[in-house]
Amino acid sequence: MTLDIAFAGIVNGLMSGGIYVLVAVGLTLIYGVLHIINFAHGSMLMLAMYGVYYLFKPPLGVDPYVALPILVAGSFAFGYVLYRGLIGRFSHGKDENILLITLGLSIIADNAALFFFTGDTQTIDVAWAGRFVEVGPALIPMPKLVSFVASLALCAALGLFMAFSDTGKAIRAVAKERQGARLVGIDVENIFAISYGIGIACLGAAACLLMPFFYVSPSSGHAFVLVAFTIVVLGGMGSFAGALVGGLLIGIVESLGGLQFGEQLGQIGIPLVFILILLFRPVGLFGSR
Amino acid sequence: MLEVRGVRAGYGPVEILRGIDLEVGAGEIVALLGSNGVGKSTLNNNISGIYKPFAGHIAFEGREIGGARPEAILSLGLVQVPEGRRVFPNLSVRENLELGSYRRGRAGRAVNLERVVAIFPKLRERFAQKAGTLSGGEQQMLAIGRGLMSEPRLLILDEPSLGLSPLLVEDMFALIKRLNDEGLAILLVEQNVVQSLAIAHRAYVLENGVIAMSGKAADLASDEGLRRSYLGM
Ligand SMILES: Nc1ncnc2c1ncn2[C@@H]1O[C@H](COP(=O)(O)OP(=O)(O)O)[C@@H](O)[C@H]1O
Ligand SMILES: [Mg+2]
């Protein structure tokens with residue numbers, strides 16, 4: 001591998017990492033507050049991608065970037081209502097029940113998608129998607145660059161919201177001290193639903209940024225959720241900064257792996273990272289305890 | 001102000017409180033005494049809406065609050081500083097205080113923040129520090145400070161002296177007295193009988209799920225039975 005190719009590989013990996021960060025931030029936020037892995041994460045991403053696809057198709061013809069605010073708001077509402085109406089209601093406050101419900105939801109969503117959308121892969125063709133941007137020796141597809149910049153900008157916005165708004169503070173408070181939160185008048189169930197909604201909203205945004213250069217099929221969420229889960233473990237469960245650094249790192253690992261071992265085997269670096277982290281730093285890069 | 005009538009409460013099938021009657025009037029310090037595990041915190045958490053009483057009535061300023069949601073009860077100005085502090089360990093001291101005015105006292109946040117750090121200057125020094133890294137005494141100050149940020153009309157303090165060094169315990173009781181002198185009604189839940197009776201106007205003693213004794217603090221302080229069972233004299 002020459003230096004130029006390696007550089008191009010790293011830049012390309014970083015670009016892919018943006019989406020990973022967005023998906024992982026949603027997963028880690030839900031984990032941090034609800035203390036569960038959202039098994040429905042991949043399926044929700046897939047559903048959002050179909051949302052982008054059908055918004056783009058005639059008769060609507062909405063550009064995926066124009067659709068972003070719609071998808072973010074819609075996904076938030078979907079996640080919020082799903083938590084309020086189903087997950088929270090039937091879990092009776094038991095974490096293992098939430099886990100099973102999200103697992104069941106993902107199975108239902110995947111099969112419903114197969115039934116309604118068939119198993120075919122679908123893509124959308126946006127006019128400007130074929131353009132490239134030169135970064136030194138690296139040639140970056142325009143939509144990938146956009147996805148990178150927009151993902152990080154959205155994460156920054158979410159980070160500011162978590163740091164400075166009362167709701168953001170309440171989310172962090174509920175993550176660690178539920179009874180204390182109730183005693184300052186925080187509606188804990190509502191905060192759970194908001195957190196779940198934000199996690200799903202991240203997927204809505206990711207779907208809009210992905211579709212210009214990716215495809216959707218009923219199983220296309222799975223690949224992302226595995227990667228996102230690795231990122232969350234790598235960065236530290238529940239850690240925001242961890243999801244950011246981990247996402248970009250995994251993007252680079254995958255890209256360099258692809259260069260070295262070929263596109264098919266490139267992803268082998270990801271489970272490898274996973275195992276190494278579990279062996280040498282089980283709490284993750286930014287984890288505590 | 002606070003009226004508790006015939007409250008029965010507990011956990012699942014287990015009844016811990018078997019008919020509690022208790023009152024706190026405006027401007028009073030009322031002590032609720034009893035040994036460990038007798039159900040003091042259970043009563044507080046039923047008053048605050050964390051748990052729902054099995055039976056009986058709880059009224060605050062004439063309004064029935066038995067079984068209401070915690071945020072609704074807090075909105076009325078009935079604020080509890082819980083046993084074990086329950087500050088937000090991952091949030092800074094400042095953020096902890098700010099969240100005290102999450103539901104109530106939002107408009108007065110800046111003014112109250114100044115007031116609280118005037119009472120607890122230590123907290124200002126620690127503003128940016130995570131609450132989880134504070135000492136036990138500092139966490140207790142923070143918990144009370146956070147409670148004051150909610151602009152309480154009645155403050156329930158659940159074992160505020162627990163785990164404090166003797167000197168800090170002195171300070172704590174002095175502070176409670178001072179808050180009350182400024183007009184705040186306080187329900188002081190304690191195992192520390194002598195010091196509680198010294199600052200309280202009235203007191204209740206909880207035993208076996210019922211109020212075994214009640215009356216003026218001064219009278220209880222000289223009660224033979226109480227002295228024998230709680231002070232070993
Ligand atoms: N969440 C709970 N679930 C079941 N039992 C509890 C719970 N909290 C307290 N108890 C029990 O209720 C009794 C009273 O506890 P508590 O109200 O904490 O007493 P106190 O505050 O007077 O020390 C104890 O026997 C305790 O074991
Ligand atoms: Mg107690």
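Okay, let's start with salt bridges: searching the whole structure, over all chains, turns up 19 of them. By salt bridge I mean a side-chain nitrogen of Lys or Arg within 4 Å of a carboxyl oxygen of Asp or Glu. One of the pairs joins two chains, because A:Lys169 lies in helix H6 (residues 166-176) of chain A while B:Glu98 lies in helix H3 of chain B. Helices here are DSSP runs of H or I with at least four residues, strands are runs of E with at least two, and both are numbered from the N terminus. In that A:Lys169 and B:Glu98 salt bridge, the closest N and O atoms are 2.6 Å apart.

Quick housekeeping. This is a predicted model, where local features need pLDDT of at least 70 and side-chain atom pairs count only at pLDDT 80 or more, while totals for chains, interfaces and linings use all residues. Residues are numbered from 1 along each chain as its sequence is written, chains are lettered from A and ligands numbered from 1 in the order in which they are written, and side-chain values use heavy atoms, with hydrogens and water left out.

Now, the interface between the two chains. Chain B puts 24 residues into the contact and chain A puts in 18, where contact means heavy atoms within 4.5 Å. Together they bury about 2000 Å², with 58% of it on carbon and sulfur atoms; that's the accessible area (1.4 Å probe) that two parts lose on being put together, summed over both. On the chain B side, B:Arg86, B:Phe88 and B:Tyr102 lose the most area to chain A, together 28% of what that side buries.

How many salt bridges cross the interface of chain B and chain A? Six. There are also eight residue pairs in polar contact there, both residues at pLDDT 80 or more. A polar contact is a pair of N or O atoms within 3.5 Å; within protein, one must be able to donate a hydrogen and the other to accept it, and residues adjacent in sequence count only if both atoms are side-chain atoms. H2 and helix H3 (93-100) of chain B each supply at least two residues of the side that touches chain A, and H3(B) gives the most, with four residues.

Let's look inside chain B. Chain B has ten helices and ten strands, and its C-alpha atoms fill a box of roughly 45 × 40 × 30 Å along the principal axes. The domain assignment gives domain 1 (2-77 + 153-231) and domain 2 (87-152); those bounds come from an automatic or database domain assignment. The C-alpha centres of the two domains of chain B lie 23 Å apart.

So what about the contact between those domains? In chain B, 19 residues of domain 1 are in contact with 13 residues of domain 2. The area buried between the two domains is about 1300 Å², and carbon and sulfur atoms give 73% of that. Between domain 1 and domain 2 of chain B, the salt bridge count is zero, and one residue pair is in polar contact, both residues at pLDDT 80 or more. On the domain 1 side that touches domain 2, helix H2 (70-75), strand S7 (154-158) and helix H7 (166-181) of chain B each give two or more residues. H7(B) has the largest share of that side, five residues.
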